[in-house]
Amino acid sequence: WGNNGSIGFGKTSYTRKGSKEEIPWFKVGFAARKTKISVYLTCDISQYQEILEELGKHKTGKGCLYINKLADIEMSVLEKLIKTSLQQS
């Protein structure tokens, strides 16, 4: 997806804060960065605290989930979070 090394699925768009320009984006995606795996969702991830508590070791941004390594999390919980996010978008 673009030049940022992300892999994304589905299509949506968003408007950056302070801008009126709509930017094409994906509904769910991920990128393997140097230190973490980033999972991008099209929702405010903080609304899913119950699911996140079951996930395992992670950090969050507004629509991002940061994982050090897949062994740190419960894959079935990640799947549930992604499916829930897709249903909301």
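Biologist: Why does Cys64 count as buried?

Modeller: Cys64 has 14% relative accessibility, and buried means under 20% relative accessible area (exposed is over 50%, partly exposed in between; 1.4 Å probe, protein chains only); Cys64 therefore counts as buried. This is a predicted model, in which local features need pLDDT of at least 70 and side-chain atom pairs count only at pLDDT 80 or more, while totals for chains, interfaces and linings use all residues. Residues are numbered from 1 along each chain as its sequence is written, and side-chain values use heavy atoms, leaving out hydrogens and water.

Biologist: What makes Cys43 buried?

Modeller: The relative accessible area of Cys43 is 13%, so this residue is buried.

Biologist: Why is the pair of Trp25 and Tyr40 called edge-to-face?

Modeller: Rings of Phe, Tyr and Trp (its six-membered ring) pair if their centres lie within 6.5 Å; planes over 60 degrees apart are edge-to-face, under 30 stacked and the rest tilted. The centres of Trp25 and Tyr40 are 6.3 Å apart and the planes make 80°, hence an edge-to-face pair. Trp25 lies in strand β3 (residues 22-25) and Tyr40 in strand β5 (residues 37-41), so the pair ties together parts 15 residues apart in sequence. Strands here are DSSP runs (E, at least two residues), numbered from the N terminus, as are helices (H or I, at least four). Ring pairs also link Phe26 with Trp25 and Tyr40 into a cluster. The count of aromatic pairs comes to three.

Biologist: What makes Tyr40 buried?

Modeller: Tyr40 has 14% relative accessibility, so Tyr40 counts as buried.

Biologist: Which residues line the largest pocket?

Modeller: Among them are Trp25, Tyr40, Cys43 and Cys64. A pocket is an open set of points on a 1 Å grid over the protein atoms alone, where a 1.4 Å probe fits, with protein on both sides within 12 Å along at least five of seven lines; lining residues have an atom within 4 Å of a point. β2 (12-15) and β5 are the elements that give two or more residues to the lining of the largest pocket.
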